[in-house]
Amino acid sequence: MGSSAETMEFHSETRQLLRLVIHSIYSNKDIFLRELISNASDALDKLRLESLTDSGLAGIDIADLHISLEVDKDARTLTVRDNGIGMTRDELVELIGTIAKSGTAGLLEKIKESKDAAAAESLIGQFGVGFYSAFMVADKVTLRTRRSGTDSGTRWESDGEGTYTIKAVDGLPAGTSVTLHLKPADSEDDFADYLSEPKIRQIVKKYSDFIRWPIRMATERTDAEGESTRGVDTLNSMKALWARPRSEVTEDEYNEFYQQISHDWLAPAETIHMRAEGTFEYEAVLFIPAQAPFDLFSRETRRGVQLYVKRVFIMDDCEALMPNYLRFVKGVVDAHDLSLNVSREILQHDRQIRGVRRRLVKKVLAAIKDLQSKDTDRYAKVWDQFGRALKEGLVEDPDNSETLLELMSAASTHDPDRTTTLRQYVERMKDGQDSIYYLTGETRAMVENSPHMEAFTAKGYEVLILTDPVDEVWVDQITAFDGHRLQSIAKGQVDLDGSTDGDQEADADKAQREQDFAALLPWLTTTLSEQVKQVRLSSRLTTSAACIVGDAHDVTPTLEKMYRAMGQQLPTVKRILELNPAHPLITALRTGHAAGADDPALAEIAELIYGSALLAEGGDLPDPARFTRLLTDHLTRTL
């Protein structure tokens, strides 16, 4: 016989906190079942472990440890039962009878001060147990438990309003049962029918499918003749692929699992299966897709991997575990002892999460590096699909910039069809060449036809062709690779003559040219002062009359356009006009200036030269109508 029930009150502060837990904290009511199943799984784990170490449990039968879900539609109850370790009365009061063991008053004060609902949820999440989520869907909760190895059981019951009763009872089986007296289903309040078998199956499949213990439920089926048969179904697969050794998992199983979590029906390009042991244990299976999703560069793209704790599903897109530039990576991370809040939705102990993230990133980059060295065709396909995203890491992740530079592949003038790595570029550099030359632009054709390329093409220097928008950003932050400076051929001074023989003769020619144009260059600088900050002779042109370049640290016109498109106004940057001293137009302009600098036609020609150079690099004319009129007038005079 059991003793009489003892009614106890929650502390006043705990009552307030309980009310918040029931009515405010959870955004999804379905997770109540996840929480109860998770608690039951923990109880089974504890019994299995303690049966090996506690002589008092040596005779306990652990051959059929399981979790049962029992539905009584007439009584409107749902029971979650396990045959695990169970609890004594003192343990029950300690673990279930209170929500917060300390700090409750301070916590409530912080919640009152917080006007942001998400912030309040985060504060609540620092305390409490998920068991109380049951009150979101139940008017009353009855818990019965008996610890394995003891004779006496305990019943705990509460309506969640401020009091609970606790009573010793006899005749209970070992383990714990939690019976929820459910509220009525209400579609208007988004309150599901939690007595419905399909709904229960859906919740178990989503949150608890990989729990290692079987989750069973009695079911009833009607055949074609109308005969009803009852049976017991196991609702979860219990097949946590990531928990098995890699040697025991087939490629087909990996592919099937990838398709299940990614909804991509192509096989992944690469699979990464890892296990970390030590102070913080976890398992992970990550996949690099074969094809980029259509929304890879959309702001609304969901990113991150699935997070489990002890095979219990926590969240679908855990952004904290994967940086933005690896948003294409799919997979699962299962942490063994990650601490979570009351709702299991807000991660605690950020130091641990950062540590896991660092290891995951290194594993993904190492896998791509391995492809680069062992399977160049697969690597080329991965880079073609995700290279643009990976290059974002050069800006976002300085800790891994060296690795990302080794992985990077780019088009170049060396081969019109195949890309090259920076390492391959360095191996092909000319004797005496110190810099890695590159040029950014909107398309390969625009870059290849740019006036800036002329001298490099003529002298056989390889130039990287960078046409992704992110290239404009990372080249400003990464200054060198393997001791070789990264140099834009559209910025600063470029002198390719220094690497050829006949230096004295070249210096004499250069001095003569500067003397020949000593009068024209200052005049042009003054005439075009609203457009450029300097006019000088060029060593990078062979066929074009002129080109526009920037100083070494100037923002490129393309990057300036990107900033303006994002609503960021930048101060106008004047650039440098370089002239080809051997071009007939420039020599004719010099002759005309020597004959009479005050001829207004000369200023118009100067304006046309600048406009032509601007158009050649893909720039926008400040006044297209004026440029067209000047061009038409001068063409007419030549006919």
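Colleague: Let's start inside. What does Leu360 touch, leaving out residues up to four places away in sequence?
Modeller: Leu360 touches Met274, Tyr282, Ala284, Leu286, Leu321, Met322 and Val333. Contact here means heavy atoms within 4.5 Å.

Colleague: And what am I looking at, in terms of source?
Modeller: It is a predicted model, where local features need pLDDT of at least 70, side-chain atom pairs count only at pLDDT 80 or more, and totals for chains, interfaces and linings use all residues. Residues are numbered from 1 along each chain as its sequence is written, and side-chain values use heavy atoms, with hydrogens and water left out.

Colleague: Back to Leu360. Which residues touch the most other members of the largest nonpolar core?
Modeller: Leu33, Trp156, Leu326 and Leu360 do, in a core of 132 residues. A nonpolar core is a set of buried Ala, Val, Leu, Ile, Met, Phe, Trp, Tyr and Cys residues joined through side-chain atoms within 4.5 Å. Buried means under 20% relative accessible area, exposed over 50%, and partly exposed in between (1.4 Å probe, protein chains only).

Colleague: What about a second core, how many residues does that have?
Modeller: The second core is separate and has 26 residues, including Val532, Leu537, Leu579 and Ile586.

Colleague: Zoom out. How many helices and strands?
Modeller: There are 20 helices and 23 strands. These are DSSP runs, numbered from the N terminus: helices are H or I with at least four residues, strands are E with at least two. Of the 639 residues, 47% count as buried. Take contacts between residues at least 6 apart in sequence: 70% of them join residues at least 24 apart.

Colleague: New topic. Where is Arg303?
Modeller: Arg303 is in the loop between strand S11 (282-288) and strand S12 (305-309). Arg303 counts as buried because its relative accessibility is 16%. Beyond four places in sequence, Arg303 is in contact with Asp317, Cys318, Glu319, Met322, Pro323, Asn324 and Arg327. The C-alpha atoms of Arg303 and Leu321 are separated by 9.8 Å.

Colleague: And Arg311, what is its phi?
Modeller: Phi of Arg311 is near 75°, a positive value in a residue other than glycine. Most residues other than glycine have a negative phi. Arg311 sits in the loop between S12 and strand S13 (312-318).

Colleague: Is Arg311 buried or exposed?
Modeller: Buried, with a relative accessible area of 17%. Met238 also has a positive phi, near 65°. Met238 is partly exposed, at 30%.
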